[in-house]
Amino acid sequence: MNLLVTGAAGFIGSTYVRGLLARNGGPKVTVLDKLTYAGSRDNLPESHPRLEFVHGDICDAPLVDRLMAHADEVVHFAAESHVDRSINGAADFVRTNVVGTQTLLDSALRHGVRTFVHVSTDEVYGSIKTGSWPEEHPLRPSSPYSASKASSDLLALAYHHTHGMDVRVTRCSNNYGPHQFPEKVVPLFITNLLDGRKVPLYGEGLNVRDWLHVEDHCHGIELVRTKGRPGEIYNIGGGTELTNKELTALILEVCGAGWDMVEHVADRKGHDLRYSVDWTKARTELGYRPLHDFETGVATTAGWYRSHRAWWQPLKQRAQLPPGKSQEQPLKQPVEQS
Ligand code: NAD
Ligand code: DAU
């Protein structure tokens with residue numbers, strides 16, 4: 001079986017592919033990745049008998065077509081994935097997330113690919129004050145990132161509805177774990193603290209996210225690929241909802257730091273208050289459940305960053321956010337606390 005996996009030099013895709021390669025008798029994997037600022041070739045083995053790495057763009061239709069001709073199934077991770085970057089400029093988000101996804105879907109349709117798993121996000125539903133979104137809830141994305149992901153998510157489902165393609169969509173909550181680019185809150189805060197720098201907490205720190213270990217997420221994706229049904233959407237949750245203040249407290253604790261290391265900065269524009277997905281369907285239909293306990297998972301993740309400075313330090317240095325400013329400078333100015 002030949003599996004085409006897009007975006008697998010990034011955080012989640014690389015965890016998924018390393019998992020497949022570790023399994024005896026797993027599929028042959030072709031990775032297509034553009035190696036943007038967020039992709040690292042060394043997130044994957046340099047060589048492996050079941051791995052082919054292709055450096056390229058999912059918007060490059062001739063290249064996609066050549067690879068799709070040999071693919072039985074596709075798992076599509078490639079995306080621009082950081083909300084703050086989409087606020088600073090949305091063009092790359094529309095290009096990769098929308099046009100890139102459409103390029104892949106068109107090619108998969110032409111080549112009669114058996115199954116196409118599209119990795120979407122809980123952010124497509126928008127913010128929810130109480131309760132949890134079920135899969136059938138209408139989408140109300142609020143950031144340019146989530147709007148581009150909602151577009152690609154709906155496009156994928158439209159290829160099922162219109163053409164009868166076997167498309168399956170996953171919508172998961174906030175991932176954490178090793179190999180995450182140090183711009184997302186968990187690795188940013190851990191690596192700042194490892195450098196003796198303060199961590200920038202947006203607004204009041206009361207926004208809520210549901211935390212999902214990346215290995216649990218990848219297990220969920222594999223269940224959807226192998227046991228899911230065509231045209232279906234599966235929410236994948238982690239079961240640990242925390243305000244950003246609670247998350248920060250845990251990270252400070254595992255890094256041996258105090259609240260004096262927290263810098264309160266102005267809020268993210270249009271900051272969604274809370275995401276929450278109802279993942280009953282994945283549990284009852286596929287037997288999915290997250291296995292990682294968050295407190296242990298975040299401590300292990302901090303340990304990984306402590307022992308992999310050579311991996312994250314160069315990435316952090318080259319991460320420019322916004323263009324012309326360094327991530328090392330807070331994006332937002334510190335604000336007075338009442
Ligand atoms: P990431 O930013 O770490 O990795 C993205 C990868 O895609 C990188 O390797 C990058 O080089 C590649 N890429 C970007 N543009 C490309 C293009 N045009 N052609 C080919 N490759 C390209 O992202 P991630 O956190 O691993 O997220 C993977 C997927 O999961 C994304 O679709 C994201 O929207 C979704 N997701 C992420 C989270 C999360 O918490 N990180 C949660 C829900 C959903
Ligand atoms: O919910 C799934 C989504 O989770 C994915 O689709 C996205 O790809 C992924 O980036 C993530 O989006 P978030 O915006 O939730 O993640 P981020 O790590 O950027 O921020 C998490 C929370 O922490 C959010 O409420 C904003 C806050 N935050 C973030 C940063 C980077 C801070 O307080 N300070 C920061 O410096």
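Visitor: Which residues are linked in a network of salt bridges?
Guide: Side chains of opposite charge can pair when their charged atoms come close. A salt bridge here is a side-chain nitrogen of Lys or Arg within 4 Å of a carboxyl oxygen of Asp or Glu. The network is made up of R23, E73, R114, E222 and R225.

Visitor: What should I know about the model and its numbering?
Guide: This is a predicted model, where local features need pLDDT of at least 70 and side-chain atom pairs count only at pLDDT 80 or more, while totals for chains, interfaces and linings use all residues. Side-chain values use heavy atoms, leaving out hydrogens and water, residues are numbered from 1 along each chain as its sequence is written, and chains are lettered from A and ligands numbered from 1 in the order in which they are written.

Visitor: How many salt bridges does the count come to?
Guide: One of them joins E232 and R229, with the closest N and O atoms 3.7 Å apart. By the rule I gave you, the count comes to 16 salt bridges.

Visitor: How many residues apart are R95 and D57?
Guide: These two form a salt bridge, their closest N and O atoms being 2.9 Å apart. R95 sits in helix α4 (residues 91–110) and D57 in the loop between β3 and α2 (61–68), so the pair links distant parts of the chain, 38 residues apart.

Visitor: In what order do the strands of the open sheet come?
Guide: Strands are DSSP runs of E with at least two residues, and helices are runs of H or I with at least four, numbered from the N terminus. Two strands pair if DSSP finds at least two bridges between them. The edge strands, each pairing on one side only, are β3 (51–55) and β10 (233–236). With parallel pairing, the 7 strands run β3-β2-β1-β4-β5-β6-β10.

Visitor: Which residue in β6 stands opposite H118?
Guide: Look at β5 (residues 115–121) and β6 (residues 167–172), which pair in the parallel sense over 6 bridges. Opposite H118 you'll find V169.

Visitor: Which side chain of opposite charge is nearest to K149?
Guide: K149 is in helix α5, and this lysine is buried yet has no salt bridge. Lys and Arg count as positive, Asp and Glu as negative, with His and the chain ends not counted. At 7.9 Å away, the nearest side chain of opposite charge is D153.

Visitor: What does D153 form a salt bridge with?
Guide: D153 is in helix α5, and its partner lies in strand β6, 18 residues apart. Both residues of the pair are buried. With the closest N and O atoms 2.7 Å apart, the partner is R171.

Terms used. Buried means under 20% relative accessible area, exposed over 50%, partly exposed in between (1.4 Å probe, protein chains only).
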